[in-house]
Amino acid sequence: MRFDSNTVAVVTGAASGIGRGVALELAGRGCALALVDRDGDGLAETQRLLGGARSSAHVVDVAQRADMAALPEAVLAAHGAVHVLINNAGVSVAAPVETMPLDDLAWLMGVNFWGAVHACKFFLPHLRAAPAARIGMVLSDFALFSLPTKSAYCASKFALRGFAEALRAELAETPVRLTCAYPGPVDTGLVRRGRVWDTDKQALEARFVAERALPVAAVARRICAAVERGRPRVLIGKETVAIDLAMRLMPALTGTLVGKLRRRVPFL
């Protein structure tokens, strides 16, 4: 499948960060875009940055099932077809399990996990109707390993990874290909906007991420290239490659070392 002017792509979480970067990358390839986010002002800014690219903005909370069920009809009304779905919308929670409010966990799972499930469930009939189609799941290196205070975020990404791999197997005999993308640290504002137990630690983590951040445009380019080719997965960043290798070769030892990180990393 080739991304070009005949391609219609839906991008969730398109108001900022990786979602905006993916939208800009796809627009550069000529795609028409259905931009989805609950942040209407952010969507308007993304559309402004897209210039003359064909796009529609859909102010929707991906966690809301009824709103997501109605979304495909709105996208088809605007563009006439759907060929690509990029599930990128995400939020963050950081807290020890003992002190984390369960409402925060439910909020995060609603966006990070259920948002992607809703999008796949409701867009899949339209993707399967296309001669060729693609689904991209923007996961994280936190879908490969877990850190202290990141139980909520890691749980959502591990769950979405399992969902995606099962869905990929279900689609094996269809024209739809599914790609899981595992980017390393990207300074998207996710940490700064997240729900936390300690605002001082939040500031330290945001600084840590910013210092090691992969460029959004480069991450978006890698994601789009992998999705276009229908690759099963793409690891983005040297740290992610190293984490994946460590978890494959020595999972028990890696888990033990990660558990000891809390004494050395000030934001955990």
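Analyst: Helix 4 (102-112), helix 5 (114-128) and helix 6 each give at least two residues to the lining of the largest cavity. The model is predicted: local features need pLDDT of at least 70 and side-chain atom pairs pLDDT 80 or more, while totals for chains, interfaces and linings use all residues. Residues are numbered from 1 along each chain as its sequence is written, and side-chain values use heavy atoms, without hydrogens and water. Helices (H or I, at least four residues) and strands (E, at least two) are DSSP runs numbered from the N terminus.

A cavity is a set of points on a 1 Å grid over the protein atoms alone where a 1.4 Å probe fits but cannot get out, and its lining residues have an atom within 4 Å of a point. The model has 2 cavities of 30 Å³ or more. The largest cavity has a volume of about 60 Å³, taken as the space filled by probe spheres set on points joined across faces, edges and corners. Its lining is made by Thr12, Val62, Asn87, Asn88, Ala89, Val111, Asn112, Gly115, Ala116, Val138, Lys157 and Leu160. By class, 6 of these residues are nonpolar, 5 are polar and 1 is charged. (Ala, Val, Leu, Ile, Met, Phe, Trp, Tyr, Cys and Pro count as nonpolar, Asp, Glu, Lys and Arg as charged, and the others, including Gly, as polar.)

The second largest cavity has a volume of about 40 Å³. Ala94, Val196, Trp197, Asp198, Lys201, Gln202, Glu205 and Phe267 line this space. Helix 8 contributes the most to the lining of the second largest cavity, with 3 residues. This lining divides into 4 nonpolar, 1 polar and 3 charged residues.

Lys150 has 3% relative accessibility and is buried, and Glu205 is buried at 8%.

The model has 10 salt bridges in total. One of them joins Arg161 and Glu165, at 3.4 Å from N to O. Both residues lie in helix 6, 4 residues apart, or about one turn of the helix. Arg161 is partly exposed, at 24% relative accessibility, and Glu165 is partly exposed too, at 35%. Another salt bridge joins Glu211 and Arg212, whose closest N and O atoms are 3.4 Å apart. Glu211 is exposed, at 58% relative accessibility, whereas Arg212 is partly exposed, at 37%. Salt bridges also link Glu25, Arg29 and Glu228 in a network.

Note on methods
Salt bridge = Lys/Arg side-chain N within 4 Å of Asp/Glu carboxyl O. Buried < 20%, exposed > 50% of the residue type's maximum accessible area, 1.4 Å probe, protein only. 1 Å grid on protein atoms, 1.4 Å probe; cavity = no way out; pocket = protein on both sides within 12 Å on 5 of 7 lines; lining within 4 Å.
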